[in-house]
Amino acid sequence: MKPYVRVDDRHGFDTLIDVRSPAEFAIDHIPGALNCPVLDDEERRIVGTLYKQSGAFEARRVGGAMVAANLARHLRERLADQPASWRPMVYCWRGGLRSASMVTWLRMVGWDAQQLAGGYKSWRRHVIDLLETQAPRLPLVVICGATGSGKTRVLQALAASGEQVLDIEALARHKGSLLGALPGIAQPSQTGFETALADAIERVDLGRPLYVEGEGARIGQLNLPVPLVTRMRDSPCVEIDVPMPARLTYLLHDYAYLGDRPDWLVEQLGRLRALHGGATIETWQAMARTGDLPHLFAALAARHYDPAYARSQRRHFHRWATRTVIAADSLTPEGIAALAQRIAGHCHGWVPA
């Protein structure tokens, strides 16, 4: 059996083991990997300091004892129930000593453990290459609509009915607008976001439509990969047209939690001062402080979001003039399910060029 495997071989293993420190793992890792660090965050810091101050021998002597202790713990605990036929793939930062140590011990036990050549860095190259080569080929159908049109719920309904969906906002953990941060939920790192996108894109059937919500080049603190943005800009659009009363009802339900975050809401509104002037912003902030979300959301839609939407769609989506418009009077669960069905019916058998 060859001692090293490639990223493309990962699906043939029972378990992927990331032996990097918890902090490294939290930033990004191969989807589905189990974190069994051979050095924790503090131990890695100590070994790194020793390497700089005392040289490689002293760092390896001290680090080796730490690695041995951690390997013994993993064998006693997290890996104790694995059968003799278990096949793990192991990786570290660049396929060096950390993963080699784990592979050596696992193979000594009798498991067919293999080391990922190039480690996490080879995975990162895989992600970048996949986004660059596959994004331009995606059969995207861009779902557009003014704020409060239920685009995210429509995507979820499409997915529930078996359609292909790329839910960028779910992967970014953000709703994509000024008020789109989710309470208590941090966004992933940029590399973690790109890994999630690549993982989703890799499984797309290029012979069927892939529905995606129209997004800008940035979502919260994250940047969408340029090849994906370019493909979205060149793809056909379906616009959901919903009257304002239904949109406002939807917004009040979907953003109800903002009523419990008046200070944060006031701070976010302050970022619009340059666009709308001090007097307008102070009025909106007063609504936020008193929890008057119906009037605040109506004002934001009419004065900020709708004008920005009208400008951005024409500017960003090259096929906007030939978009398909689908009207909906209701954004109840039943209304959204019916809307998704109409969109899927319109695009059935249609694979964008």
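The second largest pocket has 20 residues in its lining, and Leu 39, Val 47, Arg 94, Leu 97 and Arg 98 are the ones nearest its centre. Keep in mind that this is a predicted model: local features need pLDDT of at least 70, side-chain atom pairs count only at pLDDT 80 or more, and totals for chains, interfaces and linings use all residues. Residues are numbered from 1 along each chain as its sequence is written, and side-chain values use heavy atoms, with hydrogens and water left out.

**The pocket**

- A pocket here is an open set of points on a 1 Å grid over the protein atoms alone, where a 1.4 Å probe fits, with protein on both sides within 12 Å along at least five of seven lines; lining residues have an atom within 4 Å of a point.
- The second largest pocket comes out at about 720 Å³, a volume being the space filled by probe spheres set on the points.
- Helices H2 (41-54), H3 (56-76) and H4 (97-109) are the elements that give two or more residues to its lining; helices are DSSP runs of H or I with at least four residues, and strands are E runs of at least two.
- H3 gives the most to that lining, with 6 residues.
- Sorted by class, the lining has 10 nonpolar, 5 polar and 5 charged residues, with Asp, Glu, Lys and Arg as charged, Ala, Val, Leu, Ile, Met, Phe, Trp, Tyr, Cys and Pro as nonpolar, and the others, Gly among them, as polar.

- Five strands form an open sheet in the order S1-S5-S4-S2-S3, with parallel pairing; two strands pair if DSSP finds at least two bridges between them.
- S1 (4-5) and S3 (34-35) sit at the edges with a single partner strand each, so one side of each has no neighbour in the sheet.
- H4 packs on this sheet, touching S2, S4 and S5 (114-116), and its direction makes about 155° with that of S4. Contact means heavy atoms within 4.5 Å.
- S2 (residues 15-18) and S4 (residues 88-91) run parallel, joined by 4 bridges, and Thr 15 has Pro 88 as its bridge partner in S4.

**Strand S6**

- In S6 (residues 140-145), 6 of the 6 residues are buried, so the strand is largely enclosed by the rest of the structure; buried means under 20% relative accessible area with a 1.4 Å probe, protein chains only.
- Leu 140, Val 142 and Cys 144 point one way, while Val 141, Ile 143 and Gly 145 point the other way.
- S6 runs parallel to S8 (residues 210-213), with 4 bridges, and Val 141 stands opposite Tyr 211 there.
- S6 also runs parallel to S11 (residues 237-241), again with 4 bridges; Ile 143 has Val 238 as its bridge partner in S11.

Conventions. Buried means under 20% relative accessible area, exposed over 50%, partly exposed in between (1.4 Å probe, protein chains only). Axes are lines fitted to C-alpha atoms, for helices over the stretch in contact, and angles run from 0 to 180 degrees between N-to-C directions.
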